[in-house]
Amino acid sequence: MIMNKKIANAIKSLKQVSLTRKIAFNEPLKHHTSFKIGGECLALIEPVSEQELLTVIRLLTKLRVKFFVIGNGTNLLVKDVPLKIFIIKLSKNFANIEVEGNTLKALAGTSLVDACKTAADNSLSGLEWSFGIPGTIGGAVFMNAGAYGGQMSDCVKSVKFYNGKKVIELSNNKLKYAYRNSLFKHHKHYVIISATLALKEGVKEDIKALAEQNFKKRKDNHPLNYPSAGSVFKRHKKLIASKAIDELNLKGYKIGGAEVSQKHAGFIINKGNATSRDVLQLVKYIKKCVYKKHRVKLQLEVKILGD
Ligand SMILES: Cc1cc2nc3c(=O)[nH]c(=O)nc-3n(C[C@H](O)[C@H](O)[C@H](O)COP(=O)(O)OP(=O)(O)OC[C@H]3O[C@@H](n4cnc5c(N)ncnc54)[C@H](O)[C@@H]3O)c2cc1C
């Protein structure tokens, strides 16, 4: 009851805030995730500037309501139930890139692909591994995204973020980077505003060729024609999840609309009408099979959102 009053208050207050983009109330999150799964949130807010972002965060914090920041929603499994949370989406409407010498500064909502293209156009090397990853700079900084021998922590110089009280900037060595891990994963209320990347001068044609080569590998190996959230499980020191799943003959194994991709056993794809329950049951089944065979507990790389 108290919660409902709080939420009603928050909705009322949000309606009075003047923002560039209209707030979408009761917005289905399936429209904002690459899995195409996810129930309605209370409201989806898309600030277009740091100032708007801070206004919204401060308001929601003051009203003591839960909010969650998303980028392109490409590493999320959102439950398809009504979600009693407010979503702040930092994606293409919160994007900007500035290049100065060998550094590239990007707002959190900038797509990795755009950052990579801009780096290449400026003969800057260091982001080629990321070409084709569908997330944002914010999501990649948070997840320490990586591929083909590269990862975000190799090129992040510093990150500017809101820590619940004020905006601060921390350099790479303070960001607790490890494999698919970062400071941000342990401080859920931190909101990444921008990142400065330290890149190296290179030959434009070589940078573009390497980025294209990596993108081709993706197209050849990943099931890009179906909705998914990328690799479902983290790499484990004892085994490669996709290889273990493949060896258990689970490619094509299906629960409801969720299927272990025939193309890449590390991906679960949405064959059209998958529910979050289908995906979670499939995850449980895969984990059980892998544990039975290898005594290894696979850990999720995708983040689950919802009660
Ligand atoms: C086809 C496909 C291929 C993929 N390939 C790869 C790959 O090769 N390597 C890899 O590492 N990943 C891969 N991914 C997963 C995903 O693209 C990356 O993890 C990406 O970095 C997530 O970015 P996002 O903007 O989509 O984040 P989201 O999925 O929106 O969010 C992910 C997490 O980051 C947090 N977050 C996002 N933005 C902010 C912010 N501004 N401030 C605070 N927290 C924030 C969210 O709260 C959430 O916890 C793939 C996904 C797909 C669908």
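**Fold, surface and domains of the protein chain**

This is a predicted model, in which local features need pLDDT of at least 70 and side-chain atom pairs count only at pLDDT 80 or more, while totals for chains, interfaces and linings use all residues. Residues are numbered from 1 along each chain as its sequence is written, and side-chain values use heavy atoms, with hydrogens and water left out.

The accessible surface of the protein chain is about 15,500 Å², and carbon and sulfur atoms hold 50% of it; such areas come from the Shrake-Rupley method with a 1.4 Å probe. Of the 307 residues, 48% are buried, meaning under 20% relative accessible area (1.4 Å probe, protein chains only). The chain carries 52 positive and 24 negative side chains, whose centres lie 11 Å apart. Lys and Arg count as positive, Asp and Glu as negative, and His and the chain ends are not counted; each charge is placed at NZ of Lys, CZ of Arg, CG of Asp or CD of Glu.

Eight helices and 18 strands form the secondary structure, taken as DSSP runs (helices H or I, at least four residues; strands E, at least two). The C-alpha trace spans about 55 × 50 × 30 Å along its principal axes. Among contacts (heavy atoms within 4.5 Å) with a separation of 6 or more, 64% join residues 24 or more positions apart.

An automatic or database domain assignment gives domain 1 (2-92), domain 2 (95-220) and domain 3 (222-305). The centres of domain 2 and domain 3, over C-alpha atoms, are 26 Å apart. Between these two, eight residues of domain 2 contact six residues of domain 3.

Definitions and conventions
Buried < 20%, exposed > 50% of the residue type's maximum accessible area, 1.4 Å probe, protein only.
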